[in-house]
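Hello,

Here is the structure I promised to pass on. Please open it first, then read my notes below.

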Amino acid sequence: MTQLEDLLIYLNQVHQIDLTGYKRSTLMRRTQVRMQQIGSGNYQGYFDYLQQQPDEIECLLETIYINYTYFFRDPLLWDYLADQIILQMLASKAPNAPIRVWSAGCASGEETYSLAMLFIEALGVEAFQQRVQIYGTDVDPDAILQARQGHYAAHKIELVPPTLQEQYFERRNDGYCWRKDLFPSIDFHVHNLIQDPPLPHIDLLVCRNLFIYFTEVAQLQALVSFYLSLEENGLLLLGSVENLVTAAERSLFTPMNRQCKIFTKVPGANQSSPLLSRFLP
């Protein structure tokens, strides 16, 4: 474990890559995968190799960042979003009021485009382009580059219902591309949930299956960021294996739908939450 910490210190101090928010078990497991790939038998040998081969840092990060996602992951959840959550959100807003959505930890963008399709289906293309802005963020620059391109292999698009495939994707010889006229409403950029300021005035914040890789402190920091990001009636959607169970976590969010892991902000928590007093200046 000490040798792993030395590696983390080196990455942070020399290359400004801070991985300390990840669980050590995750970091050990993923680093060992990379060590096996290059035939390194111990941390010291790998540390020496990393210092001698600058390109190895990028290879290590590609192994650590788990970019596992696909369109409409957990179909029942997406049905609930389409049939309940989005319709309720639209009904609660003025007809021309802006709608801001944040897909945090979006990896290669499938979840972000899935959200876009649901909002277009609910609003129509013209109203979507006028009112909705969707942000897809991730710490991995390579994943964000792929997301911006909006290009996916045929086997990934198979998870999109056929009618939506025809409406929102253009067929190419080597796969499918998101419609060009819909790109302006979707903004992908690199963002670190722990270190960077939260995006403001968000109505729906989706962060699924990312917390499971964070340390407890990093999870709490992210929750504070999410609380500050969301509008007073904003909604937070977590992953199927994630939950908010401690008193500190419940001081910021309360369950709206436990099965779907949808949470609402606790009104006025700025004055009473131990998390806010702990992490805010």
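**Met117 and its surroundings**

Leaving out residues up to four places away in sequence, Met117 touches Phe71, Phe72, Val160, Leu164, Tyr168, Phe169 and Trp178 (contact means heavy atoms within 4.5 Å). One of these, Leu164, sits 47 residues away in sequence, yet 7.6 Å away in space, C-alpha to C-alpha. Met117 has 0% relative accessibility, so it counts as buried (under 20% relative accessible area; exposed is over 50%, partly exposed in between; 1.4 Å probe, protein chains only).

A word on the source. This is a predicted model, where local features need pLDDT of at least 70 and side-chain atom pairs count only at pLDDT 80 or more, while totals for chains, interfaces and linings use all residues. Residues are numbered from 1 along each chain as its sequence is written, and side-chain values use heavy atoms, without hydrogens and water.

**Helix H6**

Met117 belongs to helix H6 (helices are DSSP runs of H or I, at least four residues; strands are E, at least two; both are numbered from the N terminus). Eleven of the 14 residues of H6 are buried, so the rest of the structure largely encloses it. Among them are Glu110, Glu111, Tyr113, Leu118 and Phe119. H6 reaches 20 Å from first C-alpha to last, close to the 20 Å expected at 1.5 Å a residue (1.5 Å times one less than the number of residues). Gly124 follows H6, with a positive phi near 90 degrees.

**Helix H5**

H5 covers residues 75-92, and its end C-alpha atoms are 25 Å apart, which agrees with the 26 Å its 18 residues should span. A kink of about 40 degrees is centred on Leu81 (the angle between axes fitted to the seven residues ending there and the seven starting there). Leu81 is also buried, as are Leu77, Trp78, Ile85, Ile86, Met89 and Leu90. The buried residues of H5 pack against several elements, including helix H6, strand E1 (99-104) and strand E8 (230-238).

**The largest pocket**

The largest pocket holds about 910 Å³ of space. Of its 49 lining residues, Tyr22, Tyr65, Asp138, Val139 and Asp140 are the closest to its centre. (On a 1 Å grid over the protein atoms alone, a pocket is an open set of points for a 1.4 Å probe with protein on both sides within 12 Å along at least five of seven lines; lining residues have an atom within 4 Å of a point.) H4 gives the most to the lining, with five residues.

Best wishes

Definitions and conventions
Grid points are joined across faces, edges and corners, and a volume is the space filled by probe spheres set on the points.
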